[in-house]
Each structure stands twice: as C-alpha cells, then as structure tokens.
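The stops below run from one selection to the next.

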Amino acid sequence: MPTYDTVIKNGRVLDPANKTDAVCDIGINHGKIDAVGEGLETSAGGRAINAVGRWVMPGHIDTHAHVSSAGDERNVDRALGLAMLAESGTTTCLDLLGTPESLSDGIRRLGSGINVAGVMALIPHLTIPQDDPPIAMMRDVVSDALSRGAVGVKMIGGYHPFTPESTAGVVEAANEQTAWVAFHLATKDSSSTLEGLREVPDLLGEGRLHVAHVNSYCRGMILSAEQECREAFDILDEVRGQVVTESYLAQMNGTNGLCDEDGNVVANVPQNCLTARGYPTTEAGMRQALLDGYGYAQTVRDGRVILVTGQEAVDIWEAANTAASLSFPVNPASSAFTLATEQYEPEDNGAPDDAEFRIDAVSTDGGAIPRNVAIERTMALVNFGALTALNAVRKLSYNPAIMMGLINKGHFTEGADADITVVDPDSGLATMSLVAGEVIMEDGKSVANGGAWIVTAHGEKAAQESGLKYEVVDLEASQLYRGWS
Ligand SMILES: [Zn+2]
C-alpha cells in the first residue's frame, strides 16, 4: 500500500485539466502530486489535513500582482504584498511593476513561500535610458532584464506612455527574444481607456502581448461600461491567439497622486479617476477627492497595506510630496462581472463548460494594493450561478498556468507541483494553501517565508547568485508564445 508525506483528505477536489470534480483525497510525496483517490494513507510522521466541506483546487496563480517596486511608489513596501497574496490563497504570482533586484530582495526579506516571476517596468530615466526608446535600445534592455532574472518587460502606458512606434518596437524586441511583454495600455496618441485598446490590433501586427487588466479600459469613460466590454471583446477577438488577458474583480484601482510644480495631476490614470466624478485634475481637486472620501491613500498598518481616506489620506499624500500610492473605486461591478464570466461560443458539440473564456484569467492587480479578492469574488460568482465550480478553477489556476507556460502547475496530474489552495465555499475565503507540499498559509495567516523565484533560462545565473530557490520557465511553452515562430 503506497503512503504519502501529506494527504489532504475528503475535500471536493476540482481539477479542470483532468475533468475531476469529486470528494476524495490528494496524496503528496516530495512536494509533488502523487495520487488523487479515496482512502489514501499518510506515511509514518506524515501529515493528514482534513478538508471536509472544503474545495481543494490547484493553487491560485495571479497573473497581475504588485510585490516589488521600480522606485516610483515609496509610501508602502511592495514586498508586503507577498504575505498579503499568500493570506488570500495565492500560491504563484507575476509581479508587474518592479525590477529583478527589488523583486529578489523582497522575496529574501518578506517572502511568504509563494512562487514569484517578475517583469521589469519600463520607466524612462529610471529603468531605461530615455523616453520613446528605439527598438535597438529595447533589444538590449530586454536581454539585460532577462539576464538579471526578469521574465520580460512591462510598458505602463497609463503613466509613462511611449509613441505608438516605440510601443510597437518594445513588443517586437520582446517577441524576438521570447520574453514576456505586458502592457498597461495607452500610447502618447491615446489614453488608458477603451481608446488604448482600440490601438492594439495596429500596434501588434503579428506580435504577441499580455494585455493587462482589461477591466481598466471598461470603466465607462467613453461609452457605457457594458458597451465598452462588448467592444473590448470584439477588439480582442481580432487578435485572438496573439494576446493573453486578465481582469480583476475589485472596485478599487491603484494609482499615484503625483502633481507637478504647476499643481496639475501628472499621470493619465489619476486624471481619469478625478474626471470620472467631476473633480478638476489639479492638486486642489485631488485634495478634495481625498477629503470627500472618494480617494484613498495606501498605508501600512501591522505589516499589511490598508486604505484610509479623508484627512488621514491627505496627510499621507502631502507627506509623500503628492507621490503617494492612492486608490479610487472606479471599477464598475458590471464590467467586472461581464469580463470574468463571458465565454466564446462552444465548439461544435462541445459543452458550454468547455468553451474558452473571452478573458483568460482572474487576477488581483493586488499584492501590496489591498484588493486581493480574486478567489473570494470568483467564489461569489459561483454562488451567484455565473460560473461553474470547474470554470472558477479554470479562471483562477488552470488558465493562468497555461498563460505563463507553468506546465507543472494549475492541475493535479501525477508529478505536478503540489501547489494547492483550499477554500471554504460558504465564505469564499481560502483557508489553507500549500506550495511544493508545504503549508504556507493557515486560517488566513501567512506561515512561511522565502519562496521560489521564477526566471527564464537567461536568468538562471542571476537566480543562482541570489541564493534564493528558483525555477526556470520556458516561455515558448506559454500561451503567449504557443505556435510562435
Ligand atoms: Zn497593476
């Protein structure tokens, strides 16, 4: 009779890759899934985990998180997001706004046992030499980022937009090297709204791209939120097979309150937040929005990032010389719902359950921004009848693994990584998670440190030198580059 280091007993095991939805046990040996079945027994000294009444799913993979910083936002330590993600049930994340050095440093200082891949944010005069980088420069920037341990790069058009030509060059330079390339939409010719999405087919040509947080372009700034979702689906359909996508389910966004010497709000995203409620895009407008309880400031309390508003938010924003991390409740629930649940028509004779989703994954866009509600809100959609149980797991775990080419994650096939999230279906909250068979979160508390740094083969040397555990991902196996030549 085989035995196991750890057995998770009598939970509802949900594994869309293997079409499993059954109450049974999962046996883990040496950090890998060894068996899924009934009556599995622990070895001497092994651990049995009672999961009666719980859902047991492959660990949540968050394809849009913030757990490091390129140096822009200093009023909170982004590495705190590692524990915040673990506490919400995430087991792997893709960091989308830092540098390889700040990421590996954060895992060392404040790691929570979760696996982390990161891209390097492209910020002129900070992480790249100049604005509107020419493609030759971008080729060097991408290869340098990969060798330092990033899996690719991210353009943040809502804050540092490039010309359309330069934007297309970034995509091309990354594609040539099979590097991840994520884009918070907007070029100098558009804004970080549906307008930004309308540019994508032309910018992309035959290229490949991670279109970040699609919900951010469906906030009802140009058309109604529902019309914007429909148009977003049409646009993304034009580039189907070339893009990977995610959307998040929190009402709150995350932005920055920076104002210039003339008292004007600098970046496009916070300008849009103010405009959406009729505030002027000035320092006075920002102050009033915070005082009125519309805007929130991020701050740290008891080692976790929280949101505060009113005078307290104004004080934080002023103490940061306006460069504070802020949040506004600008994401309509209707867009969140539509983007999370809409599927393509099923294939001939296919069950609706098997049809592909319009948007690949549910992300948090959280981490150190306190809105790590991907699991909780996806469970609310299940309880509302908008997603089946297996489809919820597809959006949270299976699809994100496919997106990133994490072929040993997102499913419970024998030999897969024992990364597991256990969820209470009534509260919708994750109650336990394991990474490589080790418990990293229990009852909503982070109980581990460290974590594996996910790099490409080009970053292996940097990963070794970091002293961290690491894993190498082959992005040729990712959905982003599948079929790419
Ligand atoms: Zn983000």
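Select R54 to begin. R54 is partly exposed at 28% relative accessibility. The cut-offs used on this tour: buried is under 20% relative accessible area, exposed is over 50%, and partly exposed lies in between, with a 1.4 Å probe and protein chains only.

Before moving on, note that this is a predicted model, in which local features need pLDDT of at least 70 and side-chain atom pairs count only at pLDDT 80 or more, while totals for chains, interfaces and linings use all residues. Residues are numbered from 1 along each chain as its sequence is written, and side-chain values use heavy atoms, with hydrogens and water left out.

**Salt bridges**

R54 lies in the loop between β4 (41-50) and β5 (55-58) and D424 in the loop between β19 and β20 (430-435), so the pair ties together parts that are 370 residues apart in sequence. D424 is buried, with a relative accessible area of 16%.

A salt bridge here is a side-chain nitrogen of Lys or Arg within 4 Å of a carboxyl oxygen of Asp or Glu. Helices (H or I, at least four residues) and strands (E, at least two) are DSSP runs, numbered from the N terminus. How many salt bridges does the rule give? The count comes to 24.

Next, select K32 and D417. Their side chains meet in a salt bridge at 2.7 Å, N to O. This pair links distant parts of the chain, 385 residues apart: K32 sits in strand β3 (residues 32-37), D417 in the loop between α13 (389-404) and β19 (420-423). Buried or exposed, what is D417? At 10% relative accessibility, D417 counts as buried. K32 is partly exposed, at 35%.

Now pick R139 and E176. Their side chains also form a salt bridge, 2.7 Å from N to O. R139 is in helix α3 (residues 135-147) and E176 in helix α4 (residues 164-176), and the pair links distant parts of the chain, 37 residues apart. Both ends are partly exposed: R139 has a relative accessible area of 32%, and E176 has 42%.

Finish this section by selecting K32, K409, D417, D419 and E471 together. Salt bridges that share partners join these five into one network.

**The zinc site**

Center on the zinc ion. Which residues coordinate the zinc ion? H64 (NE2), H66 (NE2) and D365 (OD) do, at 2.0 to 2.1 Å. Donors are N, O and S atoms within 2.8 Å of the metal (3.2 Å for Na, K and Ca); water is not among the atoms, so sites may look incomplete. Along the chain, the donors follow the spacing H-x1-H-x298-D. H64 and H66 are both buried.

**An enclosed helix**

Select residues 81-88, helix α1. Eight of the eight residues are buried, so α1 is largely enclosed by the rest of the structure. Among the buried residues are M84, L85 and E87. Step on to G89, which follows α1 and has a positive phi near 105 degrees.

**Surface patches**

Switch to a surface view. Patches are made of residues with over 30% relative accessible area and no salt bridge; like charges are joined within 9 Å, nonpolar side chains (Val, Leu, Ile, Met, Phe, Trp, Tyr) within 5 Å.

Select D202, D234, D237 and E238. They form a negative surface patch. Helix α7 (residues 225-238) gives the largest share of the negative patch, three residues. E238 belongs to α7 and is exposed, at 58% relative accessible area.

Then select M221, I222 and L223. They make a nonpolar surface patch of about 200 Å². I222 is placed in the loop between β11 (209-211) and α7. At 35% relative accessibility, I222 counts as partly exposed.

Select N10 in strand β1 (residues 3-15). Its phi is positive, about 60 degrees, although N10 is not a glycine. N10 is partly exposed, at 36% relative accessible area.

End at D302, in the loop between β14 (296-301) and β15 (304-309). D302 is not a glycine either, yet has a positive phi of about 50 degrees. With a relative accessible area of 75%, D302 is exposed.

Note on methods. Accessible areas come from the Shrake-Rupley method with a 1.4 Å probe; for residues, only the protein chains shown count as cover. Lys and Arg count as positive and Asp and Glu as negative; His and the chain ends are not counted. The place of a charge is taken as NZ of Lys, CZ of Arg, CG of Asp or CD of Glu.
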